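This briefing goes through selected features of one structure, grouped by topic. Please look at the sequence and the 3D view before reading on.

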Amino acid sequence: MTFQEISESLQKKFGEAVLLVKADAAVDPFIVVAPQSICDIALFLRDDKAMQIDSLSCLSGVDRKGTLEVVYHLASMTLKHKLVLKVSVPTDRPEVPSIESVWKTANWHEREAYDLFGVMFTGHPDLRRILLPYDWEGYPLRKDYEVPEFYNGMRVPY
Amino acid sequence: MIETHHSQPATSRGTTLRTEEMIVNMGPQHPSTHGVLRLELVVDGEIVVDVIPHLGYLHRCFEKHAEQMSNYQQVVPYVDRMDYVSSMGNEFSYVVAAEKLLKIQVPERVEYIRVIMAELQRIASHQIAIGTYGIDIGAFTPFLLLFKDRERILDLFEEVCGARLLYNYFWIGGLSHDLPPGWVEKAKAFCEYLKPNIVELNGLLTYNKIFISRTANVGVLPKQVAINYACSGPMLRGSGVDWDLRRDDPYSVYHKIDWDVCVGRGEVGTVGDCWDRNIVRVHEMEQSLRIIEQALAQLPEGDVKAALPKRIMPVASEAYGRTEAPRGELGFYIISDGTGSPYRIKARGPSFVNLSVVTEISRGAMIADLVAILGSTDIVLGEVDR
Amino acid sequence: MDQFLQSIFGDSILTQLLLGVLPLVFVLVYALVTLYSEMKIAAHIQDRLAYMRTGWHGVLQPFADMLKLLQKEDIIPTAADKLLFILAPYVVFIGTYAAFAVLPFSSAYAGSSLDLGLFYIIAVSAVVVVGILMAGWASNNKWSLFGAIRSASQIISYEIPAALAVLAVVMITGTMNMNEITKFQAGGIQNWLIFGGPLPLGHKLFLLPVMIVLALIYYVCSMAEVNRTPFDIPEAESELVQGYNTEYTGMKFAIFYLAEYANLFVVSAIAVVLFFGGWSSPFGSFMSGPIWDLFWFTFKGMLLVFVNVWLRWTLPRLRVDQLMYVSWKVLVPFALVCVVLVGAIMVL
Amino acid sequence: MGLLDKQFEKSNVLVTSLDSLLNWARLSSLYQMQFGLACCAIEMMAASASNFDMMRFGVIPRATPRQVDVMIVSGTVTLKMASRIKRLYDQMPEPRYVLSMGSCSNCGGPYWEHGYHVLKGVDRVIPVDVYIPGCPPRPEALIEGLMKLQEKVRNESMAKKHA
């Protein structure tokens, strides 16, 4: 399926939840959807006969200064089409429903996005830090992050 | 919801004799965690009830560094250091993504050299994977024999770029250097040299009776689970999924070369067991040799750098480029905000994703099996933690 | 040897002491030689050189290792059971060393020519298990405990087929005295028990396949009893770090090491006595005599040690349940059948 | 160095020759901790493999810190790992040595500026005897560093330290 067809069927099925279809992007086209419906969309994409998007390649957090984005790179191994989904939430209330129940692989990706960006994935079974120590403070990949002077008595800056 | 198969935990087998579970810490300094992974094991005697991985002991802030660089080219050395046993593979993936974003066409000679390097690197990487897997199973000698062969590949790399491990060879829009004179002959000689050694390896390790009994039917990863966990590379193909990005999402010049995708067939056990994952690596080494030989034969003359402006200014856009690295799908998601330096780079490391399935397939196994499972996933902590 | 020493020192306690210390000298020299040659053999299997910097081709390396271990700090973990922790390596070593008492090194020397020699060896080797269990428990380290439990279960299960193989030999020779068993096989390579012993040709032909199987069974068991690859699960490096000796430093670790190598020789020596003619020369009376006997005994023993080293650096490791499977479902039934066959052949 | 400090030393034939014997033993049997951190660990493995064969110098990898003499810190030390390295170092018996292999463990290497989770030099947590530059150092460089360490051991005096 082409991007055009996918976006049309998503718009038909979910209507209001599809916020923006950016088909004329310079490189990869993408679709922005409402955060609260990402779970339903994901489930539809995975189980629909025409979509069969069985694989979540990558899940990334992005800090857009004021809003946090979560970007889903999806691919179908049977039909060989790809799709980029995005959700956007304000930085002060970064709550996105977890899609761990749809694609298990999202578990660690979401933990990573939580760890580095502070995106709260609601419904995630085990939302702990994954890369940084459990007692680390702050979300280092946010653009306004300040490196702490000391961690556990060890000096952090050079 | 896809059903995932759990091995029945040892504690619920309906026996009246219930033993106390013990929590054992494996790593970060442990001979078989392949680096600084820490596994918290809940064990009932020798049987593993649960595995809780703790990562991040090698979190080197790759993504932060990528954002701080002043242009796209400067990210390449950091990309090298992600999956440090297959630097060429990482560079390949990064330049594919970056060139997609910056809309650069590279000369055909560059593509061929990149393919040759990436495949040589794949052999070198699989040699480490199989060698260390041998150590995990208890055979020390194959490791040293494989390392000896690997040195030949490193010599070839050293000749083209001067480095043994981290090369900074693939540049955006080309390569740092052209091949030195006589290199093609040496590479051909290497292919001839390696072929009998793979046969020897099969005799010594792969088809060893003890090795088979240790790895066959152990850690079976069913097809559906593998796909749901987005496993890739030998891990996915070992489970019988015929999927290789080099063929199914083609990049570079792989479509001009004749080669096969290797898939686990359950030759000595179940499809998707540790042995299958290992044999896929062995066969991939053979296929890589095929690719290298053809690419060497087809290698066109020409320049190794595309004509580029001094400073590349992309439009504000984003691109996700992925390639088949030795461990699986290595993707780079690059966002540009219209300035000369990247706004955000996210690396999708195959080891990170492949490791997440270990908990799923090692419940109910024995401690020795866990070592075998972990070894067969072939993780590199530099890429898991980035 | 006994007479020689008695003629010098008389029938005093000193004679007995000297007789007892002789094997210790042998163990130390042997351990140094084996340590060095194992690494060199492994290196040649693996296409490299190993020790090159200490003396000619690194021959002084074992001395350097030992001297260094002597200088190391002796750490006893705070949480360890101190008494057991300190005792364990000595118990292991004593268990191994006690076995040397009955080994017939030569027609002129055996520490003690016990009539129940074989029985004694099987009995004292159980002390090793106790020592290993002590080490694993006292270390207060979970990996050590794993190693100790694995080791105990492994040694105990492999002692059964080994004892059955010994039993078959005892049935043929009619004695448990190791010197007598050796003398039984005197007169050249064709009289060795692995080839059926000095029996009439009809017996010999029937015994030959059975004895080869028994020798293999015993050799496999002996590898398991000394915890070496493919049966090295108690100290499986990639699983259990170092097994029961994980927490040991310096000299205590060195004693474990020494005991392992000494044990390696003990089991090989028993195999030599049982199946390969002990100290007797393979050429009948040619090249025999007390000194030659010592040479043949050591040479045969070292040859078996070499095979062990060779296998160690070639094969992968079994899993703990597969190990038990090999013992209980393969070796024990085969050994039982062999014992019955030997009995039947001897009666006929 | 050299000639001068020999002059001021009390000449004691017994102590010095015992010293040199003990030092020889220690320098020629440096057991190494089998423990790799990052990229440099691959070069460390290459150095122990057939082509470079560190065992020529008596260097054998051991898995437990209790039985080793030298810890080769081979790679980037992160803040999360630093406390583990400290503990491993504490578990090693005296006399113990530390080789810092590669720029990362020397000073943070390429991660010195923006590495919010990288310890800028392992010497901030444990004492280091020899620093080996390079990113990663070649196996030859590691062996050179090892020989520097042997030189250091050769000039130590155990007998005097304990007197």
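This is a predicted model: local features need pLDDT of at least 70, side-chain atom pairs count only at pLDDT 80 or more; totals for chains, interfaces and linings use all residues.

Which side chain meets that of Glu40(B) in a salt bridge? The partner is Arg38(B), with an N to O distance of 3.9 Å.

**Salt bridges**

- Over all chains, the count comes to 62 salt bridges.
- In the pair from the opening question, Glu40(B) and Arg38(B), the arginine has 14% relative accessibility. Arg38(B) counts as buried because this value is under the 20% limit.
- Another salt bridge is formed by the side chains of Asp28(A) and Lys100(B), at 3.2 Å from N to O. Asp28(A) sits in the loop between β1 (18–22) and β2 (30–33) of chain A, while Lys100(B) belongs to helix α3 (residues 87–102) of chain B, so this pair joins two chains.
- The two partners fall into separate accessibility classes: Asp28(A) is buried at 13% relative accessibility, whereas Lys100(B) is partly exposed at 30%.
- Within chain A, Glu149(A) and Arg155(A) form a salt bridge whose closest N and O atoms are 2.7 Å apart. Glu149(A) has a relative accessible area of 43% and is therefore partly exposed. Arg155(A) is also partly exposed, with a relative accessible area of 33%.
- In chain B, salt bridges link a network of residues: Glu119(B), Arg122(B), Arg237(B), Asp244(B), Arg246(B), Glu284(B) and Glu324(B).

**Nonpolar surface patch on chain C**

- A nonpolar patch on the surface is made up of Ile13(C), Leu14(C), Leu17(C), Leu18(C), Val21(C), Val25(C), Val29(C) and Val33(C). Together these residues have about 680 Å² of accessible area.
- One member of the patch, Val29(C), is located in helix α2 (residues 13–45) of chain C.

**Cis peptide bonds in chain D**

- Most peptide bonds are trans.
- Glu94(D) and Pro95(D) are joined by a cis peptide bond, with omega about -15°. Pro95(D) is in the loop between α4 (79–91) and β4 (97–101) of chain D.
- Cys135(D) and Pro136(D) are likewise joined by a cis peptide bond, with omega about -10°. The loop that holds Pro136(D) runs between β5 (130–132) and α6 (139–154) of chain D.

**Positive phi in chain B**

- Most residues other than glycine have a negative phi.
- Cys61(B) is not a glycine, yet its phi is positive, at about 60°. This cysteine, Cys61(B), is found in the loop between β3 (47–54) and α1 (62–68) of chain B.
- Where does Ala230(B) lie in chain B? Ala230(B) is in the loop between α8 (223–228) and α9 (234–238). Its phi is near 55°, again a positive value in a residue other than glycine.
- Both residues are buried: Cys61(B) has 1% relative accessibility, and Ala230(B) has a relative accessible area of 4%. Each counts as buried because its value is under 20%.

Conventions:
Residues are numbered from 1 along each chain as its sequence is written. Chains are lettered from A and ligands numbered from 1 in the order in which they are written. Side-chain values use heavy atoms; hydrogens and water are left out. Patches are made of residues with over 30% relative accessible area and no salt bridge: like charges are joined within 9 Å, nonpolar side chains (Val, Leu, Ile, Met, Phe, Trp, Tyr) within 5 Å. Accessible areas come from the Shrake-Rupley method with a 1.4 Å probe; for residues, only the protein chains shown count as cover. A salt bridge is a side-chain nitrogen of Lys or Arg within 4 Å of a carboxyl oxygen of Asp or Glu. Helices (H or I, at least four residues) and strands (E, at least two) are DSSP runs, numbered from the N terminus. Buried means under 20% relative accessible area, exposed over 50%, partly exposed in between (1.4 Å probe, protein chains only).
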